[in-house]
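Trainee: I'd like to learn how to read a structure like this one. Could you walk me through a few features?

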Amino acid sequence: SWNIIGNILAGFVYMIRPFQALSPVEIAGDFPALQAVFLAVISPVMEEYIFRRCIIERVITYGERTAVVASAILFGLFHGTVNQVCYAIMLGLVFGHVYVKTRKLRYTICLHIIINTLSAVVLPALLLRVTESVSFPEMSNMPVIQVLGEPGVLILLLYLIFLFFASLFGGVIFFFDLRERELPRQGVTVKTVFSAWGIIAFTVIACAGMYVGL
């Protein structure tokens with residue numbers, strides 16, 4: 001749902017200034033194996049170390065909730081595209097909550113690897129398999145039964161259903177865990193954290209990067 005919100009936001013920005021959104025796979029080039037390793041392993045490890053271990057550990061003295069929210073916002077801005085900001089912030093809140101409750105980076109790294117693998121490696125591969133068998137314009141003119149009979153289409157549909165229910169199930173568990181173990185509000189506010197010059201500079205650079213990339 002947060003990914004949908006991000007895409008809607010990107011749609012409003014597109015009406016003001018059209019842009020070509022590039023996926024990490026398109027940016028990486030024509031090396032599928034290297035792309036998969038980068039997206040599924042290297043990126044999650046580095047991002048979790050920076051945004052959970054480094055940022056949260058430095059801000060947590062001002063309060064757990066402040067640390068989680070601040071790191072999540074910075075995590076979203078870091079992704080550098082309008083359509084990923086909301087999605088990344090929501091994931092950042094989940095990862096941050098898990099980290100401050102366990103103080104184990106390996107848990108958030110594993111979660112991050114699983115999510116990146118499912119959404120940025122497996123899903124594009126299934127989409128590619130579908131487009132190799134039939135183009136989307138052709139598919140729109142075909143009967144539903146015929147579309148489901150195309151190679152890869154049924155697998156892609158089942159996979160999307162699996163992702164939906166897995167996301168729903170995970171969201172419900174996170175919601176109830178959040179209610180049972182709500183983060184304390186002690187310390188300064190997120191607004192105070194974002195008044196620091198370093199955070200201001202990062203936010204300005206990240207927003208400028210998103211604008212230039214439009």
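This is a predicted model: local features need pLDDT of at least 70, side-chain atom pairs count only at pLDDT 80 or more; totals for chains, interfaces and linings use all residues.

Trainee: Okay, salt bridges to begin with. How many does the structure hold?

Mentor: The general idea is that side chains of opposite charge can pair when their charged atoms come close. In this structure there are two salt bridges. One joins the side chains of Arg52 and Glu48, at 2.7 Å from N to O.

Trainee: Where do Arg52 and Glu48 sit relative to each other in the helix?

Mentor: They're four residues apart in helix H3, which covers residues 32–59, so about one helical turn separates them.

Trainee: And are Arg52 and Glu48 buried or exposed?

Mentor: Both Arg52 and Glu48 are buried. Now take the salt bridge between Glu57 and Arg103, where the closest N and O atoms are 2.9 Å apart. That pair links distant parts of the chain, 46 residues apart: Glu57 is in helix H3, while Arg103 is in the loop between helix H5 (82–102) and H6.

Trainee: Why does Glu57 count as partly exposed?

Mentor: Look at the relative accessible area: under 20% is buried, over 50% is exposed, and partly exposed is in between. Glu57 has 29%, so it counts as partly exposed. Arg103, at 36%, is partly exposed too.

Trainee: What about Leu74: which residues does it touch?

Mentor: Leu74 lies in helix H4, residues 64–78, and counts as buried at 4% relative accessibility. Not counting residues up to four places away, it touches Phe51, Ile55, Phe194, Ile199 and Phe202. Thr203 is 129 residues away along the chain, yet its C-alpha atom is 7.5 Å from that of Leu74.

Trainee: Last one: which residues form the nonpolar patch on the surface?

Mentor: For a patch, look at the residues as a group. Leu154, Leu157, Leu158, Ile161, Phe164, Phe165, Leu168, Val172, Phe175 and Phe176 form it, with about 960 Å² of accessible area together. One of them, Leu158, lies in helix H9, residues 153–180.

Terms used: Residues are numbered from 1 along each chain as its sequence is written. Side-chain values use heavy atoms; hydrogens and water are left out. Patches are made of residues with over 30% relative accessible area and no salt bridge: like charges are joined within 9 Å, nonpolar side chains (Val, Leu, Ile, Met, Phe, Trp, Tyr) within 5 Å. Accessible areas come from the Shrake-Rupley method with a 1.4 Å probe; for residues, only the protein chains shown count as cover. A salt bridge is a side-chain nitrogen of Lys or Arg within 4 Å of a carboxyl oxygen of Asp or Glu. Helices (H or I, at least four residues) and strands (E, at least two) are DSSP runs, numbered from the N terminus. Buried means under 20% relative accessible area, exposed over 50%, partly exposed in between (1.4 Å probe, protein chains only). Contact means heavy atoms within 4.5 Å.
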